[in-house]
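Subject: Structure handover

Hello,

Here is the structure for you to look through. My notes on what was found follow below it.

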Amino acid sequence: MSLHSQEATPPLVAHHLLLCATPSKPLCCNDRELGQACWDTLKRLVRDLGLEDPRRMEGVVWRSKVDCLRICREGPILHLWPSGITYGAMTPQRIERILHQHILNGEPVREWIISQTPLALTSADGATTGL
């Protein structure tokens with residue numbers, strides 16, 4: 001297999017981290033400086049920990065800053081897919097612990113979870129199941 005064909009294959013996605021931290025109409029996160037510090041920390045740690053490396057055996061970790069996740073409490077919040085876990089009252093320190101404990105070691109930080117919404121999967125025959 002050539003290097004070119006390896007680059008053409010998209011990497012598996014292990015997690016997608018959605019951070020609601022600097023919304024345009026803040027209902028739950030009024031401290032824009034804290035929200036921006038959380039976003040800066042998330043971007044830096046995903047990069048520094050090698051989580052966005054397409055060669056990562058466990059799959060890449062995507063991160064996105066979103067305007068609103070319609071949870072509107074205990075912001076800034078961090079939502080993880082595919083687990084559907086939402087963490088509240090984020091700080092840069094909490095984000096660091098979540099990345100190490102949950103993302104790298106597979107152990108959710110239970111005391112900061114404010115909700116969990118399971119992901120529904122659709123099979124090739126159209127049947128929907130929970131993850």
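L17 stands opposite L80 in β3, and L19 stands opposite L78 in that strand. The model is predicted: local features need pLDDT of at least 70, side-chain atom pairs count only at pLDDT 80 or more, and totals for chains, interfaces and linings use all residues. Residues are numbered from 1 along each chain as its sequence is written, and side-chain values use heavy atoms, without hydrogens and water.

Helices (H or I, at least four residues) and strands (E, at least two) are DSSP runs numbered from the N terminus. Two strands pair if DSSP finds at least two bridges between them.

Strand β1 (residues 13–20) and β3 run antiparallel, joined by 5 bridges. On β3 (residues 77–81), 4 of the 5 residues are buried, that is, under 20% relative accessible area with a 1.4 Å probe, protein chains only (exposed is over 50%, partly exposed in between). Strand β4 (residues 85–87) is also antiparallel to β3, with 3 bridges; there H79 stands opposite T86. The hairpin of β3 and β4 has 3 residues between the strands, and G84 takes a positive phi near 75°.

The open sheet has 5 strands in the order β2-β1-β3-β4-β5, with mixed pairing. Its edge strands, β2 (60–66) and β5 (113–116), each pair on one side only.

On cysteines: C20 counts as buried because its relative accessibility is 4%, and C38 is buried at 0%. The whole structure has 0 disulfides, taken as pairs of cysteine sulfur atoms within 2.5 Å.

Regards
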